[in-house]
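This report goes through a few residues and side-chain pairs in turn. Have the sequence and the 3D view ready while reading.

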Amino acid sequence: MANSGALERVSTHQGSEIPGRVINLDQAVARHGDMADYMVQMLSAGDPLADAVIVEMDALGREARRILNVGIADGLKNLTERPPAITALLRQLETMPAWVDPDMLGRGEVAALSVSPLWYELCAIGSALVHTYASPAIARLLTQTGRLTTIAPRRLAETGMWAGQATMPGGLLRGAPGYQATVQVRLLHARIRSSALKHGWDTADWGVPISQVDVARTWLDFTVTPFRALAVLGIELIETEQHSLYKYWHYIAYLLGLEDGFYRDVTDHDSARELGHLFDLTIGAPDENSRALTAAMVSAQVELLASAPQPLMSRAEFSDLIHGILRRTFGDELADQLGIPVSSATPFLVMIALANSETRRWQTFTPKSAAQSLQENTARRSADHRSPVVPGSPTYLRHVRTGTVD
């Protein structure tokens, strides 16, 4: 077993050097077998196609950015100039895997779209970001950028905008808003990885910044984690809905450059939780960076909800409710480690869960009622995303236009 700060590096059965961030490896191997060794290897893997594009963009400057943006929006076939790294990335993006159902892309991510936008907004993005921040490796990288604790509202809004665009009907079709945003997020990851490595990121202790493992863990934070939070409020997916959810997010993983060894066998919440167990078992407890990011995110979410026209409750009440949802979602131990205070909202959550469970039962009682509910929620979600709340351009869009994240 290797611990952060270990004086010696040990190797897996395949001979891969183990970054110091890895803990409990013996336990992980005993339960997860070869998947634990695979995870260790992937801690040293970035995204070669996207990383090469960053190098090419920096070498060729504005013209490379122009070509890249045209290619993302209009496709490789419309490029008259084809720099090799940009060409290789676009070829991968435009090669539709055989397992992707085009009709599924046309429908959008129906499991999430079937949920009331109010409850989804309360649970999904906040819980996803909090669990992402619980990783000390990810939290360390994000706080070193000097951005997220001071611009948490932008991070919250940008994440919600991307997830919304990526899950809307047709959003992942080539050139569509969700497709473009997903590729832009992938390239932003590559930019942050490049910058961290240039500024002395300790790969021996932490592995490659935004490694394949970090992307896989974040992918789980947009699949299983939101529905852990929604279950606290009485909204749960049946097995067929879970399969639909993961099948859709398999394609998002592909567009994000995630190795399919992490996601192709994840088809429901049980298999997602098993992969998440491997990640959580082998990484240290949340640290001060995790707590700072969590507090900033919760504050930003409270401000967003409370500043809406005719808010449902006060800032203090929203704060208590969100803290209650997070504590019930992640459990008291992790909540304490993240600095999430004890909430008085627990009885209120029980009542909400009972009401939502009954409402969802009637909404899904017949195919007709389920279709009507999906249509209504999708229309409301679409209206919300036509009015973005991110001042200026999202960071991931600004990066591909300017080559910087400032």
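## Terms and basis

A residue is called buried if its relative accessible area is under 20%, exposed if it is over 50%, and partly exposed in between, using a 1.4 Å probe and protein chains only. Helices (H or I, at least four residues) and strands (E, at least two) are DSSP runs, numbered from the N terminus.

The model is predicted: local features need pLDDT of at least 70, side-chain atom pairs count only at pLDDT 80 or more, and totals for chains, interfaces and linings use all residues. Residues are numbered from 1 along each chain as its sequence is written, and side-chain values use heavy atoms, with hydrogens and water left out.

N24 is not a glycine, yet its phi is positive, near 55 degrees. This residue sits in the segment before α1 (25-32). N24 counts as buried because its relative accessibility is 18%.

I210, also not a glycine, has a positive phi of about 50 degrees. Its place is the loop between α12 (203-206) and α13 (212-220). With a relative accessibility of 12%, I210 counts as buried.

A353 is part of helix α20 (residues 346-363). Its relative accessible area is 17%, so A353 is buried.

Which residues does A353 contact, leaving aside its neighbours within four places in sequence? They are V232, L233 and G234, where contact means heavy atoms within 4.5 Å. L233 is 120 residues from A353 along the chain, but their C-alpha atoms are 4.1 Å apart.

## Salt bridges

A salt bridge is a side-chain nitrogen of Lys or Arg within 4 Å of a carboxyl oxygen of Asp or Glu. The structure has 19 of them. One joins the side chains of R193 and D51, at 2.8 Å from N to O. R193 is in helix α11 (residues 177-198) and D51 in helix α3 (residues 48-60), so this pair ties together parts 142 residues apart in sequence. R193 is buried at 4% relative accessible area, whereas D51 is partly exposed at 24%.

Another salt bridge is between E94 and R174, at 3.9 Å from N to O. E94 lies in helix α5 (residues 84-94) and R174 in the loop between α10 (152-167) and α11, 80 residues apart. E94 is buried, at 18%, and R174 is exposed, at 52%. Finally, D58, R191 and K198 are linked in a network of salt bridges.
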